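Me: I have a structure open and would like to learn how to read it. Could you take me through it feature by feature?

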Amino acid sequence: MQSAARDERSVIEIQQVSTRFGDHVVHDAIDLEVRRAEIFALVGGSGSGKSTLLREMILLQRPDSGSIRVLGVDLQAAGDDEALALRRRWGVMFQKGGLFGALTVIENVGLALREHTELDEGLIDEIAASKLALAGLAPEVGAQYPSELSGGMMKRASLARALALDPELLFLDEPTAGLDPDSAGGVDALVRKLRDLFGLTIVMITHDLDLLWQLADRVAVLAGGKVQGIGSMSELARMDHPAIRQFFDGPRGRAAQEQEKHGANAQNETNSEKRPSKPK
Ligand code: ADP
Ligand code: MG
């Protein structure tokens, strides 16, 4: 596609991407742009194609047509060397954690360093330990196996692994799903810290309205194979499209809007499921 007027701020450019499984159209000519140092969220109902789009952005899957550029590289045209170089520049935290059960946490975190660098073992362990600390885990957690971790610790360990190679770009698939309120709050504070301290660009898939209101700079709503709306949460909250209304007008959506109306620190008494809001 046209490349002359490419915006310097673009970290990911998705143009006219279509994806089908058999005759099921998952993406129908989608356009999206993710800008440098923003927290960009992808939302939509189950089966709307969020994870598939994420997999396409990280070279795990190819769209049927259209183009995806990540960090200036056209994924479709990238050769093996270019693809390898790109994989070193992003980190991915998969929904299920994706840690290897036979390796300890610190071995999991060090794996990318062993694969992608020539660093010696001592240094790899040191870097891995520093990533664990950054992700908010105590040093002794490094010696544990994934099966010994709580859900929140698992997410943190998985985040530590995603950060191993000091990525510029971080992909998070449902970073708070399945966590208790305290652990979920910890994860969003951590994600914010990564963006604020290191200027990371973050792409996340989430259903967590608290996380979206508190963290997302821009949100794209995926439904019916299309991006039905894109903007800040406040902008989306004012849009009329049915798919967007559905997203906001469920009980959790209403509670989150109340929270916005009364300020991010207001207590929410209408929904006992909600976790306490974190200060901005
Ligand atoms: P989401 O993450 O939004 O819940 P997905 O991207 O996982 O949705 O899936 C979108 C649609 O594509 C679903 O209907 C799913 O069943 C289908 N799908 C995803 N991957 C495959 C695959 N490898 N083969 C066939 N269908 C798939
Ligand atoms: Mg998914």
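**Reading the model**

Reply: Let's begin with one residue: Glu174 is buried, because its relative accessible area is 6%. Buried means under 20% relative accessible area, exposed means over 50%, and partly exposed is in between, with a 1.4 Å probe and protein chains only. This is a predicted model, in which local features need pLDDT of at least 70 and side-chain atom pairs count only at pLDDT 80 or more, while totals for chains, interfaces and linings use all residues. Residues are numbered from 1 along each chain as its sequence is written, chains are lettered from A and ligands numbered from 1 in the order in which they are written, and side-chain values use heavy atoms, with hydrogens and water left out.

Me: Where does Glu174 lie, and what phi does Glu174 have?

Reply: The general idea is that most residues other than glycine have a negative phi. Glu174, although not a glycine, has a positive phi of about 50 degrees. Glu174 lies in the loop between strand E7 (169–173) and H6. Helices (H or I, at least four residues) and strands (E, at least two) are DSSP runs, numbered from the N terminus. Gln16 has a positive phi too, of about 55 degrees, but lies in strand E1 (residues 10–21). Gln16 counts as partly exposed because its relative accessible area is 36%.

Me: How many helices and strands does the protein have, and what share of its residues is buried?

Reply: There are 10 helices and 10 strands, and 51% of the 280 residues are buried.

Me: How should I read a nonpolar core?

Reply: In soluble globular proteins, nonpolar side chains tend to be buried together. A nonpolar core is a set of buried Ala, Val, Leu, Ile, Met, Phe, Trp, Tyr and Cys residues joined through side-chain atoms within 4.5 Å. Here the largest one has 49 residues, and Leu170, Met204 and Leu212 have the most contacts inside it. This core draws at least three residues from each of domain 1 (37–59 + 169–265) and domain 2 (95–167); the bounds come from an automatic or database domain assignment. A second, separate core of 30 residues includes Leu32, Val70, Leu86 and Trp90.

Me: Which residues does Leu212 contact, leaving aside neighbours within four places in sequence?

Reply: Contact means heavy atoms within 4.5 Å. For Leu212 the partners are Ala41, Val43, Met204, Thr206, Val219, Met233 and Phe247. You can read Leu190 likewise: this residue of helix H6 (residues 181–198) is buried because its relative accessibility is 7%.

Me: What surrounds ligand 1?

Reply: A residue is near a molecule if one of its heavy atoms lies within 4 Å of it. Around ligand 1 the residues include Phe21, His24, Gly47, Lys50 and Ser51. H1 gives the largest share of this shell, three residues.

Me: Which polar contacts does ligand 1 make?

Reply: Look for pairs of N or O atoms within 3.5 Å. An oxygen atom of ligand 1 is 2.7 Å from a polar backbone atom of Gly47, and one is 2.8 Å from a side-chain N or O atom of Lys50. For Ser51, a backbone N or O atom is 2.9 Å from an oxygen atom of the ligand.

Terms used. A polar contact is a pair of N or O atoms within 3.5 Å; within protein, one must be able to donate a hydrogen and the other to accept it, and residues adjacent in sequence count only if both atoms are side-chain atoms.
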